[in-house]
Amino acid sequence: MASSAQTQDISEQKLDRGLSNRHLQMIAIGGAIGTGLFFGSGKLISLVGPSVIFVYMIIGFVLFFVMRALGELLLSNLNYKTFGDIAKDLIGPWAGFFVSWNYWFSWVVACIADIVAITAYAQYFNPDIPVWLPALLTASALLILNLQPVKFFGETEFWFAIIKVVAILALIVVGLYLIFSGHHNPNGTTAQVSNLWNYGGFFPTGLSGFILGFQMGIFAFIGIELVGTTAAETENPHRNLPKAINSIIMRILVFYVGALSIIMMVTPWVDIDPEQSPFTSMFGMVGFTGAAFVVNLVVLLSAASSANSGVYSASRMAYSLGLDRHAPKLFARKNKRHVPSNAVFFTAVFAFLSIPLLLAGDTLVSAFTVISSLCSTCILFTWGSIVVSYINYHRKFPERHAASQFRMPLPKITPWFILAFFAFIVFALALGEDTRIALILIPLWFVVLTILWKVTKAKLEREHLPVTGMIPIQTPEEIARNFENK
């Protein structure tokens, strides 16, 4: 058993909460606008045509209920702070280990995908720039930025999120103007609503193409789970968490369905280049070269924001693993700026792996597709762990569910529907030649995790230490105070 000195040592290393509610809410909003929307949506449109809007609507609808499950879990015990806490408490210690390391890995992979996208945007400004240079500069900047105090990170991400939101809203406004003015594109087409169905209907590539669209569509939503974790850390989680989760539907309708519908109304889907971001190519086709330059810069900053959030999230997960002794203890150390610098170094170094990937890949989009499908497969495990945790929670603690004021709708049916949908996503990934590789590589990752877990568990047992950290159960008095502060 751990000594009181050891327990005190770990408790004293808890991170300072330097993010205000303003920061947390904008980070949550920015997390819902992933790089996949800006960069990967071009190829997605080429696969499924206008039915891409249904792909995003269906994925968003399912993930909304995942977040509802997460919201109820977090509010059932405010001592839950990470997905690892929920998994180890409701599934078992091994699940906490797997979920935590897998979440760290998924963010590292997402960060590499973002750097691939940043390189593509950099080549828009200078086609002769070597692919390794933007990757090297970005990875170095991410390392330096995440070694700063957390308030600096929060402020940076706040403005990054503002830029992303303003850019999408501006695109929608400009697109609506072009549509209502009947703008004529250089290729002879006209901006009009009927462009959505004039080129083969809403499902021009058939059912098979529609199914393939889900393989890349899922990547755009990576980061949506941050809505729950960040909102749960605010002063009034019983008020802020439901508000943040319920707003997901509106974000999907505006940022995904609205933006892509406008793009395909202005530019017929058959004219959208899958090798480019439709956010930039749309302006290029209507002759707004200056606007395309600005939009490309905005999208580059958006990818940088996503990568920055990835390093931050992954390093904090590594820090939490260090505190739980599921990772080397040195990850649980902070520097004078109250930053877990060792965890940051360990995480950020993997961002440099984007350089050999870029040098080996045939095209930037193909590299992005492979990495994003790998990340999608990892994040499915994280989202799946939330759903499985909820199933166990509803079975073991029916009284908590009955007392909750933010319940999952149809709790006996919805979780199984979600898991069936995730199985469908795995099937879709298996159909694509360039995404199938993820399903081949991921089992190797879980074999590694299994070996690491057995080694870690044996080491803790030899040292007579707890296999995992304990999650305190809220007392009735604490729950009552939480509702009084609602």
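**Close-up views of a predicted helical chain**

**Figure 1. Surroundings of Val254.** Leaving aside residues up to four places away in sequence, Val254 is in contact with Leu169, Ile172 and Ala259. The model shown is predicted. Val254 belongs to helix α12, which covers residues 248-266.

**Figure 2. Helix α4 along its length.** Helix α4 spans residues 52-76, a total of 25 residues. From the first C-alpha of α4 to the last, the distance is 36 Å, close to the 36 Å expected at 1.5 Å a residue. The helix is mostly covered, with 21 of its 25 residues buried.

**Figure 3. Packing of α4 against α19.** The axes of α4 and α19 are 10 Å apart and form an angle of about 135°. Because of this angle, α4 is oblique to α19; the roughly antiparallel class would require an angle over 145 degrees. The crossing of α4 past α19 is left-handed. On the α4 side, the contact is made by Ile58, Ile59, Val62, Leu63, Phe65 and Val66. On the α19 side, Thr414, Phe417, Ile418, Phe421 and Phe422 take part. In an α-helix, residues three or four places apart point the same way, because there are 3.6 residues a turn.

Figure 4. Helix α19, residues 414-431, has the highest confidence, with a mean pLDDT of 92, whereas helix α1, residues 4-11, has the lowest, with a mean of 41. Across residues 1-13 the pLDDT is below 50, and in the model this stretch has 17 contacts beyond near neighbours in sequence. Where pLDDT is low, the predicted coordinates should not be read in detail. For the chain, the average pLDDT is 80, and 82% of the residues score at least 70.

**Figure 5. The chain as context for the close-up views.** The secondary structure consists of 21 helices and zero strands. The chain has 486 residues, of which 58% are buried. Among contacts in the chain with a separation of 6 or more, 81% join residues 24 or more positions apart.

Key. Residues numbered from 1 in each chain as written. Predicted model: local features only at pLDDT ≥ 70, side-chain atom pairs only at ≥ 80, totals over all residues. Heavy atoms only, no water. Helix = DSSP H or I, 4+ residues; strand = E, 2+ residues; numbered from the N terminus. Expected span 1.5 Å × (residues − 1). Buried < 20%, exposed > 50% of the residue type's maximum accessible area, 1.4 Å probe, protein only. pLDDT = per-residue confidence, 0-100. Contact = heavy atoms within 4.5 Å. Axes fitted to C-alpha atoms, helices over the stretch in contact; angles between N-to-C directions. Parallel < 35°, antiparallel > 145°, perpendicular 65-115°, else oblique. Left-handed = near helix turned anticlockwise from the far one by under 90°.
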